[in-house]
Amino acid sequence: MRKPLIIANWKMNHTVNEALKFLTVLQKQPNLPSDIDMVICPPFTCLQSLSILLAEEKKVSLGAQNVHWEKAGAYTGEVSPLFLKELGCDYVIVGHSERRQLFFETNEMISKKVKAVLENEMIPIFCIGETKQERDQGKTQMVIQTQLRSALDFLPHNFFSHLVIAYEPVWAIGTGQNATPEVAEEVHHYIREWVSKKVGGEIAGQIRIVYGGSVKPDNCAELLKKPDIDGVLVGGASVSVDSFLQIVNYRR
Ligand code: PGA
């Protein structure tokens, strides 16, 4: 079965000192559940310090929030997948809606990033989701399908089992208004069917599809009960270690 995956996306929050305090508290917890996978995606500036701390005792994996698709070159301000791998990142968030909307990332750029992350032996957390307007116009499945196709259509089939897909409806991100478990499940199921048609039922059954958008301690357990919701990608509620721990302990 698919192991639940709880991902913290800190976005542009936490200095190195704050990040180290967070992780120290987390690592000291005596009873962290062992039947889930945890990932923290801090700002780039925190990766090295957290990676050193994790080398002592690795209860959580490290992820980056973005990446460039080239390994090196004249790309001022960009970060290569090689650098992330060297720092011990196992995951990279790709195509977050804030990158798409505020920094004008296109499906084409995102497609190159997904491939680059996989080629460098890390796991992309590939984000897709519709806007409120698209949902209201009944275009959710069409938007999801376009985003899936543009990034995954030409991906070698052997890469698929190393992929995490995050369904993050744009209208739910940072708004306090999460998708209901039923609404999210419908889209997750659609995504899994799409993957199944593309690469077969076995890989579709292995891929983890996580939900993101106003996940909080009081709604994560219900979301995670749904058969196709394999984890959560948490923004605002992952910045404080207390609320992140409540989410991680959602079964207790
Ligand atoms: P949120 O963000 O939990 O603050 O809604 C989720 C995300 O953007 O990944």
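Guide: Let us begin with polar contacts, for which one looks for pairs of N or O atoms within 3.5 Å. In this predicted model, a backbone N or O atom of Gly 236 lies 2.8 Å from an oxygen atom of the ligand. A backbone N or O atom of Ser 214 is 2.7 Å from an oxygen atom of the ligand, while for Glu 168 it is a side-chain N or O atom that lies 2.8 Å from a ligand oxygen.

Visitor: How much of the area that the ligand exposes when taken alone does the protein bury?

Guide: The ligand taken alone exposes 280 Å², and the protein buries 95% of that.

Visitor: Which residues come nearest to the ligand, and how does the shell divide by class?

Guide: Of the 13 residues around the ligand, those that come nearest are Lys 11, His 96, Glu 168, Gly 174 and Ser 214. By class, the shell holds seven polar, four nonpolar and two charged residues.

Visitor: Turning to the pocket, what volume does the largest one have, and which residues are closest to its centre?

Guide: The volume of the largest pocket is about 510 Å³, and of the 19 residues that line this pocket, Lys 11, Met 12, Gln 65, Arg 99 and Phe 103 are the closest to its centre. The lining comprises eight nonpolar, seven polar and four charged residues.

Visitor: Which helix supplies the largest share of that lining?

Guide: Helix 4 does, with three residues; helix 2 (44-56) and helix 4 (97-102) each supply at least two residues of the lining.

Definitions and conventions. Residues numbered from 1 in each chain as written. Predicted model: local features only at pLDDT ≥ 70, side-chain atom pairs only at ≥ 80, totals over all residues. Heavy atoms only, no water. 1 Å grid on protein atoms, 1.4 Å probe; cavity = no way out; pocket = protein on both sides within 12 Å on 5 of 7 lines; lining within 4 Å. Points joined across faces, edges and corners; volume = space filled by probe spheres on them. Helix = DSSP H or I, 4+ residues; strand = E, 2+ residues; numbered from the N terminus. Nonpolar A, V, L, I, M, F, W, Y, C, P; charged D, E, K, R; others polar. Near = heavy atom within 4 Å. Polar contact = N/O pair within 3.5 Å; in protein donor to acceptor, adjacent residues only side chain to side chain. Areas by Shrake-Rupley, 256 points an atom, 1.4 Å probe, with all protein chains shown as cover.
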